[in-house]
Amino acid sequence: EQALINRTTVATLGDLGREVLTTKYSSALSSWQYEKPEEVTQRKSKVDDDWRDFGSLQRSKKTVLERSLEDEITKENLRLDFAAAAGQLSGFVRDNLKFISARSVLRDPQSGVLGFTVDEFDGYGKQQVVEDERLLREDTALMATSERLLAALEAFGPVRNSYTKLGRPDLAALHGQLIAGLKERRAQFDLELERQLDDDSICEQFADVANPLLKLFNESMSSLIRPKGMLEDQLALIASQQAVIPEYERAVQQLRALAAEIAAHKIAFNRHCTSAAADVETQLRDYGAILAYKRPQLEQEIEYKKLRGVTPAQIEEIERFFKQFDKDNSGFIDKKEMRSCLYSLGEELQRAEIERLVQQFGSNGRLNLAQFKQLMINLLGVSHTQDNISKGFEYIARGRDAVPRAVLTKYLDAHEMAFLAATAPKGADDSLVYGPWVQEVFAR
């Protein structure tokens, strides 16, 4: 409208003013021009100023009216939004309280409402925690939305909401009802869970004793069946295990007591251990018997390895020779006595060889009895007879006609194994038949 007036009335007035100011009459006799041009100019300026002030007032009034309308629209939207949010919160709390009440009723523990085992109870408990956290998150979010909308509405001053009767106290009450319902359900659940956990604790105590023992027995049995390392290492392991057998026996006694407690609680299944106390006791008895059987075998093998096939009778003869040639009873044999001793045994060695042997096995140019034994075992072991070699193979083979390669690798190096594997007859299960091979070697 203001723009229209500017284009019509105000524009016409301006045109008339300019016409008055520019009109001039002139003739031969006279001339005329409007005598007060400043009056026209002042009036035109006054109209422009007033019209400009009117436009400014009009725009200010429009701004106030628009802001008032915007506030009214905002308040109406807030009334509607708060009513919807509060109603949603009320429905959410009401529906979930019904659901919580239905699932929190504990009937007969054997009915399986919450589960039959501690795993099922624990799983339900974890699910319940997650569900409670979800409900509280949703409740908190709905509460926050409702309170935010209510605070925004209250910022306009006292405002009446005809769309809902719910207010700030009602919001807090709804939240409190949900919290109380969740606590009641959890308290009822904890009653039955406590009984389940007590039973499970007894089972777990049993497993803490039984499972390590069973694992130890299985691993140790495997190491005995497929031994690794030197014979001395195997013997040391067996000796250390035999030393703790009494400790294992005390653990089995503890298992018997726990088994009696499990039976008193009428626990049908132990989820932590599937073996009974009697099973552990049987395995311990078998394990001890195997250790007792294996130890003398290893001791004999180690002794045989040390003697390199020299018989006990030969050891006695070595000791007798030492005493015989220890002329001064010093407990030592020097190089000269050593040479005489070996000569009497049919070993005629040069001085350099005697010097080498004394240096290798003795100390300070002489040998004591133990050093002399090692030297003689070395000499006799190098010169095995056919009978000794056959007996050695027979012992390693445990009386069988063939020796498994895996057993031979304990006593022979790679070069010796390669020679034996290439020349000895083959038996079953990757074994070597030693009898014909020994005869063939000594027949050459």
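Helices (H or I, at least four residues) and strands (E, at least two) are DSSP runs, numbered from the N terminus. The model is predicted: local features need pLDDT of at least 70, side-chain atom pairs count only at pLDDT 80 or more, and totals for chains, interfaces and linings use all residues. Residues are numbered from 1 along each chain as its sequence is written, and side-chain values use heavy atoms, with hydrogens and water left out.

The loop between H3 and H4 holds Pro 158. Pro 158 counts as exposed, at 90% relative accessibility. From Pro 158 to Val 441 the C-alpha separation is 119 Å, across 283 residues in sequence. Ser 162 lies in the loop between H3 and H4. Its relative accessible area is 66%, so Ser 162 is exposed. For Ser 162 and Ala 83, 79 residues apart along the chain, the C-alpha separation is 9.0 Å.

Ala 83 belongs to helix H2 (residues 37–103). Ala 83 counts as buried, at 15% relative accessibility. Contact means heavy atoms within 4.5 Å. Neighbours within four places in sequence aside, Ala 83 is in contact with Asn 161, Tyr 163 and Thr 164.

Helix packing was examined next. Axes are lines fitted to C-alpha atoms, for helices over the stretch in contact, and angles run from 0 to 180 degrees between N-to-C directions. The axes of helix H5 (residues 231–243) and helix H6 (residues 245–264) come within 4 Å of each other and cross at roughly 40°. H5 is therefore oblique to H6. Angles under 35 degrees count as roughly parallel, over 145 as roughly antiparallel, 65 to 115 as roughly perpendicular, and the rest as oblique. On the H5 side, the contact is made by Gln 241, Gln 242 and Ala 243; H6 contributes Ile 245, Pro 246 and Tyr 248. These residues divide into 4 nonpolar, 2 polar and no charged. Here Ala, Val, Leu, Ile, Met, Phe, Trp, Tyr, Cys and Pro count as nonpolar, Asp, Glu, Lys and Arg as charged, and the others, Gly among them, as polar.

A nonpolar core is a set of buried Ala, Val, Leu, Ile, Met, Phe, Trp, Tyr and Cys residues joined through side-chain atoms within 4.5 Å. The largest core has 29 residues, of which Phe 206, Leu 213, Phe 217, Tyr 248, Leu 255, Val 280 and Tyr 287 touch the most other members. At least two residues of this core come from each of helix H4 (168–225), H5, H6 and helix H7 (277–307). H4 supplies the largest share, 10 residues. Residues up to four places away in sequence excluded, Phe 206 touches Leu 255, Leu 258, Ala 259, Ile 262, Asn 270, Cys 273, Ser 275, Ala 276 and Ala 277. A second, separate core comprises 19 residues, including Phe 322, Ile 333, Leu 357 and Phe 372.

Lys 294 lies in helix H7. With a relative accessible area of 19%, Lys 294 is buried. Lys 294 touches Leu 224 and Ile 238, residues up to four places away in sequence not counted.

Rings of Phe, Tyr and Trp (its six-membered ring) pair if their centres lie within 6.5 Å; planes under 30 degrees apart count as stacked, over 60 as edge-to-face and the rest as tilted. By this rule there are 9 aromatic pairs. The ring centres of Tyr 124 and Phe 189 lie 5.6 Å apart with planes at 45°, so this pair is tilted. It links distant parts of the chain: Tyr 124 is in helix H3 (residues 118–154) and Phe 189 in helix H4, 65 residues apart. Tyr 124 and Phe 189 are buried. Phe 321 and Phe 325 form a stacked pair, at 6.3 Å centre to centre and 15° between the planes. Phe 321 and Phe 325 are 4 residues apart in helix H8 (residues 312–325), so about one helical turn separates them. Both Phe 321 and Phe 325 are buried. One aromatic cluster is formed by Phe 393, Phe 419, Tyr 434 and Trp 437.

Backbone torsions complete the description. Lys 266, a residue other than glycine, has a positive phi near 55°. Lys 266 sits in the loop between H6 and H7 and counts as exposed at 77% relative accessibility. Asp 430, also other than glycine, has a positive phi near 60°. Asp 430 lies in the loop between helix H14 (414–423) and strand S6 (431–433). At 47% relative accessibility, Asp 430 counts as partly exposed.

Definitions and conventions:
Buried < 20%, exposed > 50% of the residue type's maximum accessible area, 1.4 Å probe, protein only.
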